[in-house]
Amino acid sequence: LVTGTPLQNNLHELWALLNFLLPDVFASAERFDQLFDLQKNAQNDETKKAIVAQLHRLLRPFMIRRLKADVEKSLPPKTETILFTPLAASQREVYKQCLLREISVVQGRATGTARSP
């Protein structure tokens, strides 16, 4: 399984990928959670470190980390361009309301209409 998408610090998402690779080995999400859930299992830092180390050992055979520079030697170095653009009038108004901490206006409660994200 090759994925360019990082895991979002979600144990169940990790289990789902491992279950896809080896469904016989990673059959139960509940068992996986019992073994590796830091919030439920780790009472102190030493326990957390031990659980993380165990998970790293488990994942090591599945992980390949490569950089673009290692894969394609002819790529030019990364360049970054920062463009500053002015806010639109509506954006400027919302930004101003946020700065003034007028949250009811920002959320649309003052007029009774909610803004969509």
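1. The side chains of Q97 and E93 are joined by a polar contact of 2.5 Å; such a contact is a pair of N or O atoms within 3.5 Å, where within protein one atom must be able to donate a hydrogen and the other to accept it, and residues adjacent in sequence count only if both atoms are side-chain atoms. Q97 sits in helix α6, which covers residues 89–99. Q97 counts as buried because its relative accessibility is 9%; buried means under 20% relative accessible area, exposed over 50%, and partly exposed in between, with a 1.4 Å probe and protein chains only.

2. The model is predicted, so local features need pLDDT of at least 70 and side-chain atom pairs count only at pLDDT 80 or more, while totals for chains, interfaces and linings use all residues. Residues are numbered from 1 along each chain as its sequence is written, and side-chain values use heavy atoms, with hydrogens and water left out.

3. The protein has seven helices and zero strands, and its elements run α-α-α-α-α-α-α from the N terminus on. Helices (H or I, at least four residues) and strands (E, at least two) are DSSP runs, numbered from the N terminus. Of the 117 residues, 13% are buried. Among contacts between residues at least 6 apart in sequence, 19% join residues at least 24 apart; contact means heavy atoms within 4.5 Å.

4. The largest nonpolar core has 11 residues: L14, W15, L18, F26, A29, F32, F36, A42, I51, L55 and L59. Helices α1 (11–21), α2 (29–36) and α4 (45–59) each supply at least two residues of this core. A nonpolar core is a set of buried Ala, Val, Leu, Ile, Met, Phe, Trp, Tyr and Cys residues joined through side-chain atoms within 4.5 Å. In soluble globular proteins, nonpolar side chains tend to be buried together.

5. F26 belongs to that core. Leaving out residues up to four places away in sequence, F26 touches W15, L18, N19, F32, L58 and F62.

6. D37 lies in the loop between α2 and α3 (38–41). D37 counts as buried because its relative accessibility is 15%. Apart from neighbours within four places in sequence, D37 is in contact with L11, F32 and A42. Of these, F32 and A42 are core residues.

7. K48 is placed in helix α4 and counts as partly exposed, at 37% relative accessibility. K48 touches L38 and A42, not counting residues up to four places away in sequence. K48 and F36 are 12 residues apart in sequence, and their C-alpha atoms are 9.3 Å apart in space.

8. F20 is exposed, with a relative accessible area of 61%, whereas L21 is partly exposed at 32%. L21 and F62 are 41 residues apart in sequence and 9.4 Å apart in space, C-alpha to C-alpha.

9. The accessible surface of the protein is about 10500 Å², and 56% of this belongs to carbon and sulfur atoms. Accessible areas come from the Shrake-Rupley method with a 1.4 Å probe; for residues, only the protein chains shown count as cover.
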